[in-house]
Amino acid sequence: HGVNNCLLASHSSVAADSVDFESLGVFTQVGLERGAKNQFSTFSSFITTINQKKEGIGNRNSPTQLVMPNIKNVRDLPPICLDVRQKQRISIDTLPQELKAPIPPEPSLPVRTKTVKDFEDDVEKAKSSGDWKAVHDFYSTTFDSFMEINAAFKKDTSSAFNTIEDSGINVKFVNIVYDALLNTPQDVQKSVLKGIINGLLQEWKGPRTKDDLRAYCILLQNPQFSNTSTYVIYAHLLRQIAALTEADHHFLVHWSKKISQKRFKQLVDRLLQFISLRLFPAKPEEFPPMVKCTWWIPSATKVLALFNAANSLISPPIISYTDFYNSTLDHIDLMEEYHNWQCYGNSHRFSFCQYPFIISIAAKKVIIQRDSEQQMISIARQSLVDKVSRRQKPDMNMLFLNVKVRRTHLVSDSLDELARKRADLKKKLKVTFVGEAGLDMGGLTKEWFLLLIRQIFHPDYVLHV
């Protein structure tokens, strides 16, 4: 787990490309007709598919060729804030509970009296009679706007619930409504998606209210977003959440840490699957061209970072830190990601290295090992250039970190050599035992490490555990 600290965990702002909302209607309509055929049952099964097909799949920088219908007069979502990396980020833990930002007044919510029992009765009647009108009306009304979502799922519509301790969401009701949703007719499910589109298209009028944050928190849990046919809508939802202010993210993080382990894991897996399928689409024609949705992956990764922050606030954590690893990233050009992070770290260019919690141990090992090799070559080359520039005869030994030790004084000689040759520490190691003939082709180095470790942990050095 400590390897996570090898890369900086800084949040990146996301380039806000101008993206049409035409895709919301087009791809949802096409996708829902396909139903569950496009749905991966689990994230792990998708990883297996990736491993089987990775040889024939291009990297994520290759744009998918797809002709999109030209629909005009559609609204673009507001851009994601671009100043996130320009300021010193405040830790999620250190933000005060009473935030200084003014809290917008909550609009008065419509009165909705349907209870959990009423909804369950309506579903049972619909299953037995085949008449889904009452259930259809509930779903289409509830998800038509953020205000209606709060009217249905807020525990007390007359209370503000402006603290991080209580989201004010009737969690039981939300879970029951979502559990029943996937077993309803297609027209009911379509009405929910259309309502979500309406909510996402609402005009932004200044800071988001806590009711808006509640709506985002509820919409994220929609199980329909496990289906690839809904990914266009899901992407725009993630984009809006990623664009929220630091204070709003603070609330979402603390509310998320109270989600049950089962549903928290489902949310994380859904985000990981979304990122993986955008990187390696099984059917590229299902998604808009990559050049039109470069913000999909950054938005999803930033939202995933909120759940990782929530997971870190709990001891023990809600789920294992390894559950945030995305093994699909093992198959992309990791060094390109690393160089983007190094070269453009202070800009708005996205790199997975800004979010090390998502990179597996195997991928981090590759990055660190290759970077170390490149540094060795670079330092050795610089030493050679310096020697030539001073008109001195080059010596091949200058390309290595040469360590000469006596077997009888192994520890002290090793420490003396490393202390005297600090400038060469990033060069390739070459070990020589005094009084012994032999060229170090790797065997002497291994022997030196073995003997050194044995002596360091000898009781005489008082370093044993």
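Reply: **The largest cavity**

Cys-217, Leu-220, Gln-221, Ile-241, Leu-252, Val-253, Ser-256, Ile-259, Leu-267, Val-303, Leu-306 and Phe-307 line the largest cavity. A cavity is a set of points on a 1 Å grid, over the protein atoms alone, where a 1.4 Å probe fits but cannot get out; lining residues have an atom within 4 Å of a point. This is a predicted model; local features need pLDDT of at least 70, side-chain atom pairs count only at pLDDT 80 or more, and totals for chains, interfaces and linings use all residues. Residues are numbered from 1 along each chain as its sequence is written, and side-chain values use heavy atoms, without hydrogens and water.

Ten of its residues are nonpolar (Ala, Val, Leu, Ile, Met, Phe, Trp, Tyr, Cys or Pro). Two are polar, and none is charged (Asp, Glu, Lys or Arg). Three helices (DSSP runs of H or I, at least four residues) each supply at least two lining residues: H8 (210-220), H10 (246-256) and H12 (296-313).

Now the space itself. The largest cavity holds about 90 Å³, counted as the space filled by probe spheres set on the points, which are joined across faces, edges and corners. Across the whole structure, two cavities reach 30 Å³ or more.

Last, confidence. The chain's mean pLDDT (the predictor's confidence in each residue, 0 to 100) is 78. A pLDDT of 70 or more is reached by 74% of its residues. Residues 25-38 fall below 50, with 29 contacts (heavy atoms within 4.5 Å) beyond near neighbours in sequence. Residues 57-95 also stay under 50.

Conventions. 1 Å grid on protein atoms, 1.4 Å probe; cavity = no way out; pocket = protein on both sides within 12 Å on 5 of 7 lines; lining within 4 Å.
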